[in-house]
Amino acid sequence: MGSMYEDRVLVDKILNGNKSAFALLIKSHEKMVAYMVSRIILEEDEVKDVCQEVFIKVYLHLEKFKFDSKLSTWIATIAYRYALNHLKKRKKVSFSNLSDEVIIDYTQPVDTPLQKWFYWEFSEIPPISLKD
């Protein structure tokens, strides 16, 4: 987590398509995001999923970041709000209508435009580590 100048350079590189710069942003902020999310979400697997979703939101909305605050503060705010919203949505789920068996076919190809875009954009990004 660098100075405002370093943040501007990093954001500019990401907005110009530099995937390595986005990987650096993740590496620089993943522990802070994991800490924020784990204070709200207690399941470790769910924490990992929410952290990944936070970084997707960061990526998709990075062009809206105006440098009115530090980049780390902006990312922490997204993590906090997203984790709270995730928890609220999870509590609203009713399990009474679910069948006993849920079948998920992971062998299906990536075929929708959004899936293809997501796969292309994030296939080279390393997984988020919650431990040192």
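Which side-chain oxygen reaches to within 3.0 Å of the backbone nitrogen of Ser 20 at the start of H2? Select Asn 18, whose side chain supplies that oxygen; the pair is a polar contact (N or O atoms within 3.5 Å, one able to donate a hydrogen and the other to accept it; residues adjacent in sequence count only if both atoms are side-chain atoms).

Residues are numbered from 1 along each chain as its sequence is written, and side-chain values use heavy atoms, without hydrogens or water.

Next, select helix H2 (19-38), a DSSP run of H or I of at least four residues, numbered from the N terminus. H2 bends by about 50 degrees at His 29, the angle between axes fitted to the seven residues ending there and the seven starting there. His 29 is among the residues of H2 that are buried (under 20% relative accessible area; exposed is over 50%, partly exposed in between; 1.4 Å probe, protein chains only).

Then select Val 33, also buried. Beyond four places in sequence, Val 33 touches Cys 51, Val 54, Phe 55, Ile 75 and Ala 79, contact meaning heavy atoms within 4.5 Å.

Move to His 86 in helix H4.

Finally, select residues 100-107, where pLDDT stays under 50. Where pLDDT is low, the predicted coordinates should not be read in detail.

Notes:
Predicted model: local features only at pLDDT ≥ 70, side-chain atom pairs only at ≥ 80, totals over all residues. Helix = DSSP H or I, 4+ residues; strand = E, 2+ residues; numbered from the N terminus. pLDDT = per-residue confidence, 0-100.
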